[in-house]
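Here are a few notes to read alongside the structure. Keep the view open and follow each point in turn.

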Amino acid sequence: MKKVLSTILAAMMLITSVFASATAFAVTVPDLKLGKKASVTLSANGTTDKPTTIATFTPDKTGFYTFEFDTKYTNIPGTSTTDEIPGGAASAEYTDKDGDTATQGMCMFLDFSNADQKVIDEYKALGLDVEHANTIKFTAKLSAKEKYEVAAYQDGGKDFTSGLTVTRHTHTYKKGLVDKVKVKKNGTSDPGGIYDKCTDWYCLYENYTTIYKGIESTSVKNAVYTGKAVKPAVTITTYDGKKLNKKYYTVSYKNNKKIGTGKAIIKFKNGYVGTVTKKFKINPKKTAIKTLKGSKKKLRVTYKKVANVSGYQVQVATNKKFTKNKKTVTLKGSKKTAATVKKLKKNKKYFVRVRTYKVVNKKKYYSKWTAVKAVKVK
């Protein structure tokens, strides 16, 4: 059952231009004529990776064709060699000049005669039409004058013989179906759109138009404490590098007033479905350097007082990138608006910057650094 579970969705899709190893003719097989039945045999004990050619067909026109077996598949109980649920698959394949094959259509057929309801429900949840699960019938789009092989396998304990007929297929559409975009919790999604779907259960063709762009990322900026509720901008970027129109979502905020971590709740609408929560920081206000003086192997800096912070950090270095001879001094308390940094190198130019910090639930939140200023130490 595991193999069927992993392949069932792919098997139910109309597949084009998927190349695999070429199918070999094991025995002489019938060449199908449009509208005329031919007898075909699916050999016993087949496997997914070893389909055999049971017939050939060369269409006179490019278009859709239906391949239909006239008997339902029935497996001998207990003889399945590959899966818990016995079954098989059939498809139309075109062999190119390099010996590769392109699968043009496929159906999966299964025998549920000995399956319990729990197993049947699992397959229903995957989208399988259980009512037709052991009927071998599929539609494929074929090109004129190309020779196609009907390849199939079945894992029953004896050969399965059936009549096979190929006819032209005309789609009947259920129009204007909406494929909504399901946005994931991380704020990404595949695209969505509007499509017309063939109503015949054995034909999975869809005439699809992409309307809703796929989302590459959803992000929210950090904010600065103001004493009031803050609402930082949310940016939703689609895969074409553009911003998603705001008509497709609304944003609300939580815990967005105090210094700490806030939340932006993005609810999607109008073709997009889902809710994404993004966290953002509310950092303390920055300070500004007032005075800066250098003396013998030390410097003193004063800066503006900022309310509602736990303290300040003063950082010095001998280059603007703050990677050489860097020192950091942390001062506790919002009232400590001056710092002296000692044990510096003499006759060196030092660059200085300051920032505030706030401790919330044992976590530090930092403001942006001040503008960098420089002073020479004697």
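1. Start with a term. A residue is buried if its relative accessible area is under 20%, with a 1.4 Å probe and protein chains only. Y357 has 2% relative accessibility, so it counts as buried. Bear in mind that this is a predicted model.

2. Where does Y357 lie? Its place is in strand β26, which covers residues 348-360. Leaving aside residues up to four places away in sequence, Y357 touches a set of residues that includes P284, V309, S310, G311 and Y312. Also among them are T330, L331 and K332, as well as K364, Y365 and Y366.

3. Now compare Y357 with D129. In sequence, 228 residues separate them. In space, the C-alpha to C-alpha distance is 61 Å.

4. Turn to strand β8, residues 148-154. Why is β8 largely enclosed by the rest of the structure? Because 7 of its 7 residues are buried.

5. Look at the side chains next. In a regular strand they alternate between the two faces of the sheet. In β8, Y148, V150, A152 and Q154 point one way. E149, A151 and Y153 point the other way. Both sets are buried.

6. Which strands pair with β8? One is β3, residues 52-57, which runs antiparallel to β8 and is joined to it by 5 bridges. Here F57 has Y148 as its bridge partner. Another is β5, residues 87-95, also antiparallel, with 7 bridges to β8. In this pairing, A90 stands opposite A152.

Key. Residues are numbered from 1 along each chain as its sequence is written. This is a predicted model: local features need pLDDT of at least 70, side-chain atom pairs count only at pLDDT 80 or more; totals for chains, interfaces and linings use all residues. Side-chain values use heavy atoms; hydrogens and water are left out. Buried means under 20% relative accessible area, exposed over 50%, partly exposed in between (1.4 Å probe, protein chains only). Helices (H or I, at least four residues) and strands (E, at least two) are DSSP runs, numbered from the N terminus. Two strands pair if DSSP finds at least two bridges between them. Contact means heavy atoms within 4.5 Å.
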